Amino acid sequence: MIKIKPYMAVSIFSLIVLPVFAAENTIDNLLQEYQAAGAAQGNAQRGEVLWNKTFNGNKPYAQRSCKTCHSSNVKNHGKHIRTGKTIKPLAPSVNPTSLVKSKNIEKWFKRNCKWTIGKECSAQQKADILIFLKQQ
Ligand code: HEC
């Protein structure tokens with residue numbers, strides 16, 4: 001019989017319970033950072049509009065939007081327009097590994113906003129999109 005020793009209980013807690021809090025915290029911490037950078041509270045509707053908006057880019061990808069790779073329903077898998085690689089759904093409700101690391105979120109915001117919109121997203125745009133995605 002294995003007896004649960006206190007140090008085991010602590011490990012089990014850190015391995016199973018903490019990551020769940022971490023995911024929630026990641027988004028909330030980022031939203032706080034965006035507000036500190038001057039953004040108002042995020043607005044999911046504005047985020048959804050931006051998500052679906054089409055921007056002009058250089059050929060062969062003259063029409064670009066977040067949907068171009070992620071699809072309009074973020075509960076579905078996406079497909080990278082250039083590499084053809086499958087992208088996991090961004091919706092946390094169907095993909096628990098989505099939106100859990102602020103470093104990744106910031107990296108992809110930077111790269112994807114530049115490619116799609118032609119410039120980095122503002123703190124306000126990021127707050128709006130993050131709230132929208134969080135609710136999916
Ligand atoms: C050219 C293809 C492409 C386009 C267009 C694109 N993305 Fe992405 N995006 C990716 C890829 C690839 C990943 C990484 C997915 C992974 O690691 O599973 C990603 C990841 C992300 C993530 C990070 C998810 C996480 O869990 O950390 C966010 C946020 C994101 N994209 C937002 C956007 C937004 C907002 C737009 C539109 C402005 C956009 N993306 C447009 C390809 C794209």
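Helix H2 spans residues 44-52, and its buried residues are Gly-47, Leu-50 and Trp-51. Seen down the axis of H2, these buried residues fall within an arc of 105 degrees, so they line one face of the helix. This is a predicted model: local features need pLDDT of at least 70, side-chain atom pairs count only at pLDDT 80 or more, and totals for chains, interfaces and linings use all residues. Residues are numbered from 1 along each chain as its sequence is written.

**H2 against H5**
- Helix H5 (123-134) is included in what covers the buried residues of H2.
- The axes, lines fitted to C-alpha atoms over the stretch in contact, are 7 Å apart, and the packing angle is about 100 degrees.
- H2 and H5 are therefore roughly perpendicular to each other (65 to 115 degrees).

**The nonpolar core**
- The largest nonpolar core has 13 residues; such a core is a set of buried Ala, Val, Leu, Ile, Met, Phe, Trp, Tyr and Cys residues joined through C-beta atoms within 7 Å.
- Helix H1 (6-36), H2 and H5 each give two or more residues to this core.
- H5 gives the most, with five residues.
- Trp-51 and Leu-130 are among the residues with the most contacts inside the core.
- Leu-130 touches Ile-27, Leu-30, Leu-31 and Gly-42, not counting residues up to four places away in sequence (contact: C-beta atoms, placed from the backbone, within 7 Å).

Definitions and conventions: Buried ≥ 20, exposed ≤ 12 C-beta atoms within 10 Å, placed from the backbone. Helix = DSSP H or I, 4+ residues; strand = E, 2+ residues; numbered from the N terminus. Arc of directions from axis to C-beta. Contact = placed C-beta atoms within 7 Å. Axes fitted to C-alpha atoms, helices over the stretch in contact; angles between N-to-C directions. Parallel < 35°, antiparallel > 145°, perpendicular 65-115°, else oblique.
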